[in-house]
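The following paragraphs lead through a protein model, beginning with a single residue and ending with the chain as a whole. Please keep the sequence and the structure in view while reading.

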Amino acid sequence: MEEKAKKKNKKLKTLDLAYIGIFAAIIAVCSWIQLPVGAVPITLQTLGVCVAAGLLGAKRGALAVTVYILLGLIGVPVFSGFNAGAGVLFGVTGGYIIGFLFTALIVGLAVDIIGKKLWVYAVFMLLGIAVCYAFGTAWFVVLYTKKAEAITIGGALSMCVLPFVIPDLIKISAASALCMALRKRIKC
């Protein structure tokens with residue numbers, strides 16, 4: 001009997017599915033709010049991803065990001081600039097979108113293991129976004145070199161990371177504050 005109860009608790013409940021869908025939609029809306037800067041626009045996507053993982057944890061946070069990515073892949077215009085499709089996801093900036101999964105897993109696992117504390121949010125959101133930067137920049141270098149001319153890691157960092165460090169630090173601060181404010185109000 002206990003084994004059956006444990007299996008039931010591991011399955012996603014209706015409320016879990018609702019939260020996953022809501023946060024996938026929030027990430028999409030955050031992607032539409034953008035400031036064009038070079039090849040990669042400044043958006044609020046990372047804020048949405050961090051809040052989703054911070055409130056939902058690793059499993060549901062990563063599922064929200066996965067739903068967001070899959071919606072974009074099948075043609076729903078959820079990516080920045082109301083874009084969608086495989087061309088965006090597998091294009092030069094698609095590595096950052098895939099990197100959101102790593103961010104969600106890092107933040108979510110930290111919250112699941114350590115707890116919903118301000119320092120956990122701040123430190124692991126910073127780490128998650130750094131991993132997203134690393135994955136996205138590596139992806140950018142490989143694809144940019146295939147499509148255009150060779151680019152150095154320094155050149156890619158100056159195009160794809162440096163302009164976003166300060167805005168992402170601001171988004172991490174906002175996401176941490178939002179998670180702290182919402183963690184008791186939203187029973188995730």
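Ser176 has its place in helix α8, which covers residues 162–182; helices here are DSSP runs of H or I with at least four residues, strands are runs of E with at least two, and both are numbered from the N terminus. The model is a predicted one, in which local features need pLDDT of at least 70 and side-chain atom pairs count only at pLDDT 80 or more, while totals for chains, interfaces and linings use all residues. Residues are numbered from 1 along each chain as its sequence is written, and side-chain values use heavy atoms, with hydrogens and water left out.

With a relative accessible area of 3%, Ser176 is buried. The term buried means under 20% relative accessible area, exposed means over 50%, and partly exposed lies in between (1.4 Å probe, protein chains only). Apart from neighbours within four places in sequence, Ser176 is in contact with Leu118, Tyr121, Ala122 and Met125, where contact means heavy atoms within 4.5 Å.

The structure holds five aromatic pairs; rings of Phe, Tyr and Trp (its six-membered ring) pair if their centres lie within 6.5 Å, and planes under 30 degrees apart count as stacked, over 60 as edge-to-face and the rest as tilted. The ring centres of Trp32 and Phe82 are 4.8 Å apart and their planes stand at 20°, so this pair is stacked. Because Trp32 lies in helix α2 and Phe82 in the loop between α3 and α4 (86–89), the pair ties together parts that are 50 residues apart in sequence. Trp32 counts as partly exposed at 31% relative accessibility, and Phe82 counts as exposed at 51%. Elsewhere, ring pairs link Phe102, Phe135 and Trp139 into a cluster.

Helix α2 (residues 14–32) also meets helix α3 (residues 45–73): their axes come within 9 Å and cross at roughly 145°. Such axes are lines fitted to C-alpha atoms, for helices over the stretch in contact, and angles run from 0 to 180 degrees between N-to-C directions.

Finally, the whole chain may be considered. The protein chain contains eight helices and two strands, and from the N terminus on its elements run α-α-β-β-α-α-α-α-α-α. Along its principal axes, the C-alpha trace spans about 60 × 35 × 25 Å. Of the 188 residues in the protein chain, 42% are buried. Among contacts with a separation of 6 or more, 69% come from residues 24 or more positions apart.
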